Amino acid sequence: MENLYDRLIKKEARLAVIGLGYVGLPIALAFAKKISVIGFDINEKRVALMKQNIDPSDELETSDFENSDITFTANLDDLSEAEFFIVAVPTPIDDHNKPDLRPLIGSSTTVGKALKKGDYVVYESTVYPGCTEEDCIPILEELSGLSYIKDFKVGYSPERINPGDKEHTITKILKVVSGCDEESLDIISKVYEIIVEPGVHKASCIKVAEAAKIIENTQRDVNIALMNELSIIFNRIGINTYEVLEAAGTKWNFLKFFPGMVGGHCIGVDPYYLTYKAEELGYHARIINSGRYVNDSMGNYVAKQTVKKILAQGKNVAGAKVLVMGATFKENVSDIRNSKVADVVKELRSYMVDVEVSDPHAVSDELKHEYGFGLIPKMGDYYDAIIVAVNHDEYVNMNSSDFRKLFRDEKGILVDIKGIYRNSIKDLNYWSL
């Protein structure tokens, strides 16, 4: 008897991807080059764009859509044709830094209504260990009327897509996979091996796979927090953090992390899922929470340091003009989710600073909707300080002359958060983390 993997290969069965954002769409298109795929998203406007071979997230090219066996839809009824479901919806946090599982609960409800005997469901969304089995599977059982393991199988395979990264794509990164039993682990592994060239790592259970994903970003968060704390200390000493790290980095086993503002939908979010679960189990995660506190406060720290620099030039802060270059959460992407640049803008404005924001990748209307400020169409020549917050390619090769044209006078201050100009600009009032 043929299993589900065999029927997917022969296109006798279809795979559905639920949630077609930064993670889901690349996965759907990668599979669609090999097997028959249904791409489902609740946002009809996004679906309409994808039907025209346009990525609403502006990550993929038109050519990525070509030669793909995929049906884009926002119609729940279309999901009944699928037998293998991949859930790739966002898992954000709320205003109190608690997990917001509404997208995950909603997608589980959607899949539960379409679930049939013999179907598979694999979750890719980043969650705390236990979430798939404790929060998602009961919904699948309730809405389908089927029994977990006996009637349908579930697995977890965490996403590792890095927005804007053209090298570490879904097909190039080793995939961690897990299943609810040996049979499901085998089938799920084979399905992902259809597209993942380096192969898979089989986790012993779903909770291990969930934990593996969440500590990847928690580890980075804690290490960056240490660098940020060091930068605060070294600033008071009067030495440059990047120069210290360059010297320390000459040792073979020194870990090369750097200070900066930690935003986005992964590193700045995932640790809160782990600390939430820890609190639920009666443990307060001291190191993780401390790291989160340091990193979440860096936007305010940068703004306050800028204000101090303006005051040191004998200028009034109220009404001072500051240009913030870059508004996305990282370089060379249009993604503004959880951008800590918003914290810089908010803090500067609390000092009555007149702030303007420029970014060649972000969308002004999205920023206005999300954070209450938009982008200026063109940079002026009247700034008292310039904060280069994101090292977009368009900014990296700027020099002293370029910045001098933007300053009001010779007292202009350049704040270089990522330290990209520290070796090239020596004749301006310069400061970096």
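Hi everyone, let's start inside the protein. In this predicted model, the largest nonpolar core has 38 residues, and Leu15, Phe31, Phe72 and Phe84 have the most contacts within it. By such a core I mean buried Ala, Val, Leu, Ile, Met, Phe, Trp, Tyr and Cys residues joined through side-chain atoms within 4.5 Å, where buried is under 20% relative accessible area with a 1.4 Å probe, protein chains only. At least two core residues come from each of helix 1 (4-9), strand 1 (14-18), helix 2 (24-32), helix 3 (44-51), strand 3 (70-73), strand 4 (82-87), strand 5 (120-123) and helix 6 (182-193). Helices (H or I, at least four residues) and strands (E, at least two) are DSSP runs, numbered from the N terminus. Which helix gives the most to this core? That is helix 2, with 7 residues.

Now look at Phe84. Leaving out residues up to four places away in sequence, Phe84 touches Leu4, Leu8, Arg14, Leu15, Ala16, Tyr120, Val122, Ile188 and Val191; contact means heavy atoms within 4.5 Å. Apart from this core lies another, of 37 residues, including Phe40, Leu101, Leu104 and Tyr156.

On to the helix pair. The axes of helix 11 (residues 298-312) and helix 12 (residues 341-350) come within 7 Å and cross at roughly 45 degrees. Axes here are lines fitted to C-alpha atoms over the stretch in contact, with angles from 0 to 180 degrees between N-to-C directions. Helix 11 contributes Gly299, Asn300, Val302, Ala303, Lys304, Thr306 and Val307 to the contact, and helix 12 contributes Asp343, Val344, Glu347 and Leu348.

Some housekeeping: numbering runs from 1 along each chain as its sequence is written, and side-chain values use heavy atoms, without hydrogens or water. Local features need pLDDT of at least 70, side-chain atom pairs count only at pLDDT 80 or more, and totals for chains, interfaces and linings use all residues. Thanks!

Conventions
Buried means under 20% relative accessible area, exposed over 50%, partly exposed in between (1.4 Å probe, protein chains only).
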